[in-house]
Amino acid sequence: MLFNLKKFFGAMLMPLPLLMLLMGLALLLLWFTRWQKSGKTIFTLSWLFLLLFSLQPVADRLLRPIEAQYQTYRGNDPVSYIVVLGGGYTYNPDWAPSSNLLGNSLPRVTEGVRLYLAHPGARMVFTGASAGSMQSNAATAALVAESLGVPRSDMVILREPRDTEEEAAQVAKLVGEQPFILVTSANHLPRAMRFFEAKGLHPIPAPANQLAIDSPLNIWDRATPSSMFLGHTERAWYETLGSLWQWLKGADRAGAE
């Protein structure tokens with residue numbers, strides 16, 4: 001119950017739901033109260049922030065410092081495990097396997113497969129609990145990896161973890177003190193590394209799904225509001241809130257449980 005409440009309130013604090021709530025409040029003030037000036041101010045500021053957060057220069061400026069902490073892994077460290085953290089997913093057996101991985105999940109799995117091919121003898125570890133009555137996140141990601149040529153015998157499926165902290169605890173039981181490659185989204189990797197290192201683990205960071213764009217863009221791509229770039233702002237916002245919560249809980253300190 002507490003876990004679900006945390007997820008619900010966390011979702012409502014994301015830019016789009018929060019700004020929509022503020023706009024709704026402003027409309028209530030404008031239509032049903034005498035506080036016209038307050039309503040106009042709240043609505044104007046909410047609209048302005050929604051606009052700014054949807055623009056590429058603003059969104060990627062917020063996201064880039066988080067993603068830039070780790071570079072794409074191209075090393076050849078000897079490892080026995082490549083851990084791919086779970087993300088968004090659904091499950092429809094009639095779909096192509098990769099269609100069941102939403103948002104950040106598919107780039108994580110494909111990067112994990114790339115690193116698996118570069119490290120013969122390593123096993124891929126997939127994490128993530130089930131959503132409702134569906135099969136687990138981890139099992140769905142494993143299906144995608146299998147469709148890309150990874151044999152089931154080279155996979156470990158951890159179906160229980162619901163969030164990054166629980167993923168770190170489960171992986172600790174599997175890998176012990178040996179180093180392993182940790183694959184997750186570039187914006188999520190700094191927070192994930194803190195969770196895993198707090199368990200006394202030795203992860204080798206391998207970012208996937210980099211989003212903040214450094215290469216040149218057409219002027220209309222930079223100047224036009226886009227849901228894609230609003231999503232970039234959301235990722236920066238989400239990880240900032242997540243890091244704050246992590247710090248408040250003390251879950252990023254060595255020996256934390």
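Tutor: Let us begin with a definition: helices (H or I, at least four residues) and strands (E, at least two) are DSSP runs, numbered from the N terminus. Asn-209, for example, is placed in the loop between strand S5 (203-208) and helix H9 (219-223). Please note that this is a predicted model, in which local features need pLDDT of at least 70 and side-chain atom pairs count only at pLDDT 80 or more, while totals for chains, interfaces and linings use all residues. Residues are numbered from 1 along each chain as its sequence is written, and side-chain values use heavy atoms, with hydrogens and water left out.

Student: How many helices and strands does the chain have?

Tutor: The secondary structure comprises 10 helices and five strands. The C-alpha atoms fill a box of roughly 70 × 45 × 40 Å, taken along the principal axes.

Student: Is Asn-209 buried or exposed?

Tutor: Buried means under 20% relative accessible area, exposed over 50%, and partly exposed in between (1.4 Å probe, protein chains only). Asn-209 has a relative accessible area of 16% and therefore counts as buried. Its backbone also deserves attention: Asn-209 has a positive phi of about 60° although it is not a glycine.

Student: Which residues does Asn-209 touch?

Tutor: Contact means heavy atoms within 4.5 Å. Not counting residues up to four places away in sequence, Asn-209 touches Glu-67, Asn-104, Pro-107 and Ser-185. For the chain, residues 24 or more positions apart account for 71% of the contacts with a separation of 6 or more.

Student: How should I read burial and surface for the chain?

Tutor: Of the 257 residues in the chain, 42% are buried. Accessible areas come from the Shrake-Rupley method with a 1.4 Å probe, and for residues only the protein chains shown count as cover. The accessible surface of the chain is about 13800 Å², with 62% of that belonging to carbon and sulfur atoms.

Student: Why does Glu-111 count as buried?

Tutor: Glu-111 counts as buried because its relative accessible area is 13%. This residue lies in helix H5. Leaving aside neighbours within four places in sequence, Glu-111 is in contact with Thr-72, Tyr-73, Val-183, Pro-207 and Ala-208.

Student: Where does Trp-35 lie, and is Trp-35 buried or exposed?

Tutor: Trp-35 lies in the loop between H2 and helix H3 (36-53). With a relative accessible area of 57%, Trp-35 is exposed. Trp-35 and Ala-169 are 51 Å apart in space, C-alpha to C-alpha, and 134 residues apart in sequence.

Student: How many residues of helix H6 are buried?

Tutor: Helix H6 (residues 137-147) is mostly covered, with eight of its 11 residues buried. Among them are Asn-137, Thr-140 and Val-144. The cover over the buried residues of H6 includes helix H5 (105-118), strand S2 (123-127) and strand S3 (155-158). After H6 comes Gly-149, whose phi is positive, near 110°.

Student: At what angle do helices H2 and H10 pack?

Tutor: Axes are lines fitted to C-alpha atoms, for helices over the stretch in contact, and angles run from 0 to 180 degrees between N-to-C directions. Angles under 35 degrees count as roughly parallel, over 145 as roughly antiparallel, 65 to 115 as roughly perpendicular and the rest as oblique. Helix H2 (residues 15-32) and helix H10 (residues 227-249) pack at about 100°, their axes being 9 Å apart. H2 and H10 are therefore roughly perpendicular to each other. H2 contributes Pro-15, Leu-16 and Leu-18 to the contact, and H10 contributes Leu-230, Thr-233, Glu-234 and Trp-237.

Student: Which residues does the UniProt annotation "transmembrane region" cover?

Tutor: UniProt positions are given in the numbering used here, feature names are shortened, and annotations may be inferred rather than shown by experiment. The unreviewed UniProt entry gives "transmembrane region" for residues 12-32 and 41-59. In the model, residues 12-32 are 90% helix and 0% strand, with end C-alpha atoms 24 Å apart. Residues 41-59 are 89% helix and 0% strand, and their end C-alpha atoms lie 23 Å apart.
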